[in-house]
Amino acid sequence: MSINELQDNIIDEFSAFDDWMDKYALLIDLGNSLPPLDERYKTESNLIEGCQSRVWLQADFVDGKIHFQGESDAVIVKGIVSLLIQVLSDHTPQEILDADLYFIEKVGLKEHLSPTRSNGLVAMVKQMRLYAMAFRAKEMQG
C-alpha cells in the first residue's frame with residue numbers, strides 16, 4: 001500500500017469517533033498493539049531528542065526499504081509511534097522523504113495533543129526523515 005493509502009485508512013479509522021476520549025482510547029490501543037522493542041535497541045542513540053517521554057526508534061534498511069520499530073514509555077505517545085510506523089515503515093527512503101503526512105492534521109492530532117506531545121511528534125517525524133536521508137545517501141554511494 002502507498003503511504004497515502006495508509007494515511008487514508010488511519011483517517012477513516014479515526015473518523016469513526018466523534019469524541020476525543022474515544023480517539024485517545026484508539027491511540028492507546030494502537031500503542032498497546034505495537035510489538036515491544038528488543039532491549040538491545042533501547043539505546044541512547046535510538047532515543048529521540050525533543051520528546052518529553054522516552055521514545056526509541058530503530059530503523060533498518062532491508063531490500064531498499066526502511067523498516068521502523070519503536071517504543072515509548074508513555075501510552076499515548078506509543079500510539080503516535082505506532083501510527084507513524086504504520087504509515088512510513090517498509091517504504092523507500094525517497095517515498096518517505098516525499099511523503100506529505102496529512103493524516104496528522106486530518107485526524108486532529110496536532111490540535112488535541114499537548115504542546116510537549118506535539119513537539120515530540122514533530123521530533124519523531126524529523127528523525128524518520130533523517131534516517132531516510134541517511135539511507136538514501138548510502139544507496140547513492142552504493
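## Terms and basis

A residue is called buried when its relative accessible area is under 20%, exposed when the value is over 50%, and partly exposed in between (1.4 Å probe, protein chains only). By this scale E105 is exposed, because its relative accessibility is 53%.

The model is predicted: local features need a pLDDT of at least 70, side-chain atom pairs count only at pLDDT 80 or more, and totals for chains, interfaces and linings use all residues. Residues are numbered from 1 along each chain as its sequence is written, and side-chain values use heavy atoms, with hydrogens and water left out.

## Helix α3

Helices (H or I, at least four residues) and strands (E, at least two) are DSSP runs, numbered from the N terminus. Helix α3 covers residues 75-88, which is 14 residues. From its first C-alpha to its last it reaches 20 Å, close to the 20 Å expected at 1.5 Å a residue. The expected span of a helix is 1.5 Å times one less than its number of residues.

Is α3 buried or exposed? Of its 14 residues, 12 are buried, so the helix is largely enclosed by the rest of the structure. Among the buried residues are I76, V77, K78 and G79, and the list also includes L83, L84, V87 and L88. V77, which is placed in helix α3, has a relative accessible area of 6% and is therefore buried. The C-alpha atoms of V77 and I28 are separated by 8.3 Å, while the two residues are 49 residues apart along the chain.

## Salt bridges

Side chains of opposite charge can pair when their charged atoms come close. A salt bridge is a side-chain nitrogen of Lys or Arg within 4 Å of a carboxyl oxygen of Asp or Glu. How many salt bridges does this rule give? The count comes to five.

One of them joins R40 and D38, with the closest N and O atoms 3.4 Å apart. R40 is exposed, because its relative accessible area is 58%. D38 is partly exposed at 36%. K42 and E39 also meet through their side chains in a salt bridge, at 3.4 Å from N to O. Here K42 is partly exposed, with a relative accessible area of 25%, whereas E39 counts as exposed at 58% relative accessibility. E39 and K42 belong, together with E71, to a network of salt bridges.

A further salt bridge links K110 with E105, where the closest N and O atoms are 4.0 Å apart. K110 counts as partly exposed at 47% relative accessibility.

## A negative patch

Which residues form a negative surface patch? The patch is made of E5, D8, D12 and E13. Patches consist of residues with over 30% relative accessible area and no salt bridge; like charges are joined within 9 Å, and nonpolar side chains (Val, Leu, Ile, Met, Phe, Trp, Tyr) within 5 Å. The areas come from the Shrake-Rupley method with a 1.4 Å probe, and for residues only the protein chains shown count as cover. Lys and Arg count as positive and Asp and Glu as negative, while His and the chain ends are not counted. The place of a charge is taken as NZ of Lys, CZ of Arg, CG of Asp or CD of Glu.

E13 lies in helix α1, residues 3-15. Its relative accessible area is 33%, so E13 is partly exposed.

## Loop residues

The loop between α2 (20-33) and β1 (55-62) holds D38. D38 and L27 are 11 residues apart in sequence, and their C-alpha atoms are 22 Å apart in space. E49 is found in the loop between α2 and β1 as well, and E49 is exposed at 68% relative accessibility. E49 and V125 are 76 residues apart in sequence and 12 Å apart in space, C-alpha to C-alpha.

D63 lies in the loop between β1 and β2 (65-72). This residue has a positive phi of about 50° although it is not a glycine. D63 is exposed, with a relative accessible area of 78%. D90 is found in the loop between α3 and α4 (93-98) and is partly exposed, with a relative accessible area of 42%.
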